[in-house]
Amino acid sequence: MRRWSGARAIVAVLAAVSLSAACTSDGDSSGSSGLEGADPGDCTPVDMAVSPEKISLLTELARTFNESDAAELDEGCVFIRPARKSSGTAANLLSEGWPDEETNGARPVVWSPASSAWASVVNQRLDEQGQDPIAGTAEPFMLTPLVIAMPQPMADALGYPERAIGWSDILALASDPQGWAAYGHPEWGAFKLGKTNPNFSTSGLSSTIAQYYAATGKTTDLTLEDLARPEVQEFATTVESAVVHYGDITPTFLNNWYRNDAQGTALTYVSAVAVEEKSVIDYNQGNPDGVLDPGEEAVPPKTPLVAIYPKEGTLYSDNPYIVLDAPWVSDEQREGAERFEEFVRQPENQEKVLAFGFRPGNTEVALSDPIVAANGVDPDQPQTLLEVPDPPVTVEILDAWATQRKKAKVLIVLDVSGSMAEPAGDDRGSTKLDLAKEAIIAALDDFAPEDEVGLRIFTSDVGPDGATTRDLVPIGPIGTQRETMASAIRSLVPLNATPLYTVTQASYEDLRQAYDPSRINAVVLLTDGRNDDGDTSDDRAQLDELLDTLGSGAEGQAARPVRVFPIAYGQDADIGVLREVAEASDAAVYDASDASTIATVFTAVISNF
């Protein structure tokens, strides 16, 4: 079973601090809010761990609060400091007492994950360790429901909204060998589902819970006995079989969808993605990752998305405001946290919640724009709500997903060029290759035993007759060759130049030749440099040829999708080029320009499988 399943997820979910192509929505990236670490002066700091999709909102509210009389206590004052921390990452850190504050940030006084389900996970894991719960019952201060986002033509073909659609329909589409041809659209191909890893992502966790409710016909009181029923397990496994790949954040899918829309291929990239309602609003407004950079113009897509509210019911990402019952929380901090909670619930601040695309937790504030039909959403939905399962059931769902998820076929392609001998900048005097080797060996445990994984190294003259690649371990079940691969990795040393483009193209084409339609087929490419094969005079031409081969709009790619997930490692890696490579294959690029982050980044990459 994978290392990140259930209560054993502690190490792997920490990979959420990596920076992928985007880091918002229900993403798993961690970073500064703009107030994190700010000097509170003479005031007592109240640190908050906030899920990424609402960090901008909470930063704005905290700044206003800190400058107001509301921050003044009877004795002294408080200073609210929100920090972005994904729900899955924070859940695991809290389960372990929030170790290593230098790396993970200050221990929070307030935790606001995207969903109360994460509080259940924390309390269950603490209970299994013989410890008291720290995440008590809390009221939401804003909400957004889980939906199935689907391009409007596909929703129309299914008859939505006149015909109610749910997970049972997703099951039927995933099981039908005709795919969309059953609805008169063979040009759309097979039904393809986008879904994030439930150990990282709230939408992934909520959709996995919702699948189990759909399989049982229940809306409350999901039990361990329900999860063990063979027909329930088969339902979940069949839905997972339609997944194109997983991942740590929904913006990977939304950004790729948006780019495919511009190319006219949105309907063949993916058929549906489990996301939160807010993400559909952002996408249809031309802001697929929920973040507009300075000077960036929002351009609505040609093919909008429709938010399908599953007929079996759905869960709210209820964004609870949890003042932790933890030993590091002082009475003064608790008082300040409660004062800020009163502040964010005020109607004028709940209007700001609405402006950000969330449903206000304060029912005095009526729903209005942007939660309107013009943005692909329905303010009168959802009609049926699902209950967050008891903590043991939620953790068992995560454990079960590890065995029911779609299996992978992955070729790890590792740069062993001479520049990998450069210092990594850590206290041990490690080279970049040293840290990369440690990261890959550790991440091998994140694959399921049935996953097929191979190892290829590349540099100039690494094989006979000047070959640029050498396959150290052929693709095969990782369960039987994990130690063989680890041993091969330990023996690696830095060598020569970096023939990046030819190696990437060859690796992609090799995997396409060996394509397995029952698996997620992917190349993980770790490189610390730029293309250097001795002749860079036709560098752009080589890159264009590579991108054309990878091209997501190509006829062959739709039939045999192989995705390339590059890791830009170290300061000299060309993240711009690697982003082009990732986008051409409908994948995502990961940023490990700080070499010390490679362990967490590499594990985040593996979350796609």
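In this predicted model, strand β15 covers residues 563-569, and seven of its seven residues are buried, so the strand is largely enclosed by the rest of the structure. In a regular strand, side chains alternate between the two faces of the sheet. Here Arg563, Phe565, Ile567 and Tyr569 point one way from β15, while Val564, Pro566 and Ala568 point the other way. The residues of both sets are all buried.

Which strands does β15 join through bridges? One is β14 (residues 520-527), which runs parallel to β15 and is joined to it by six bridges. Within β15, Phe565 stands opposite Val524. Another is β16 (residues 590-592), which is also parallel to β15 and is joined to it by three bridges. Tyr569 has Ala592 of β16 as its bridge partner. Between β15 and β16 the chain passes through helix α22 (residues 575-584), and this β-α-β crossover is right-handed.

Strands of a sheet pair through backbone hydrogen bonds, either parallel or antiparallel. Elsewhere in the sheet, β11 (residues 408-415) and β12 (residues 452-458) run parallel and are joined by seven bridges. The bridge partner of Leu411 is Gly454 in β12.

The next topic is a pair of helices. How do the axes of α19 (residues 500-513) and α20 (residues 539-550) cross? They come within 9 Å and cross at roughly 15°. Angles under 35 degrees count as roughly parallel, and α19 and α20 are therefore roughly parallel to each other. The crossing in which α19 passes α20 is left-handed. On the α19 side the contact is made by Tyr501, Thr502, Thr504, Gln505, Tyr508 and Glu509. On the α20 side the residues are Asp539, Gln542, Leu543, Glu545, Leu546, Thr549 and Leu550.

Just after α3, Gly97 takes a positive phi of about 80°.

Strand β1 (residues 44-50) contains Asp47. Is Asp47 buried or exposed? The cut-off for buried is under 20% relative accessible area, and Asp47 has 12%, so Asp47 is buried. Leaving aside neighbours within four places in sequence, Asp47 is in contact with Arg81, Ala106, Arg107, Pro108, Val109 and Val110.

Several loops hold backbone details. The peptide bond between Tyr160 and Pro161 is cis, with omega of about 15°. Pro161 is in the loop between α6 (152-157) and α7 (167-175). Another cis peptide bond leads from Gln381 to Pro382, with omega near 0°. Pro382 lies in the loop between β10 (359-360) and α16 (391-404).

Positive phi values also occur at residues other than glycine, including Asp221, whose phi is about 55°. Asp221 is in the loop between α8 (202-216) and α9 (224-228). For Asp461, which is not a glycine either, phi is near 55°. Asp461 sits in the loop between β12 and β13. The cut-off for exposed is over 50%, and Asp461 has a relative accessible area of 56%, so Asp461 is exposed.

Notes. Residues numbered from 1 in each chain as written. Predicted model: local features only at pLDDT ≥ 70, side-chain atom pairs only at ≥ 80, totals over all residues. Heavy atoms only, no water. Helix = DSSP H or I, 4+ residues; strand = E, 2+ residues; numbered from the N terminus. Buried < 20%, exposed > 50% of the residue type's maximum accessible area, 1.4 Å probe, protein only. Pairing = 2+ DSSP bridges. Right-handed = clockwise from strand over helix to strand, strands pointing away. Axes fitted to C-alpha atoms, helices over the stretch in contact; angles between N-to-C directions. Parallel < 35°, antiparallel > 145°, perpendicular 65-115°, else oblique. Left-handed = near helix turned anticlockwise from the far one by under 90°. Contact = heavy atoms within 4.5 Å.
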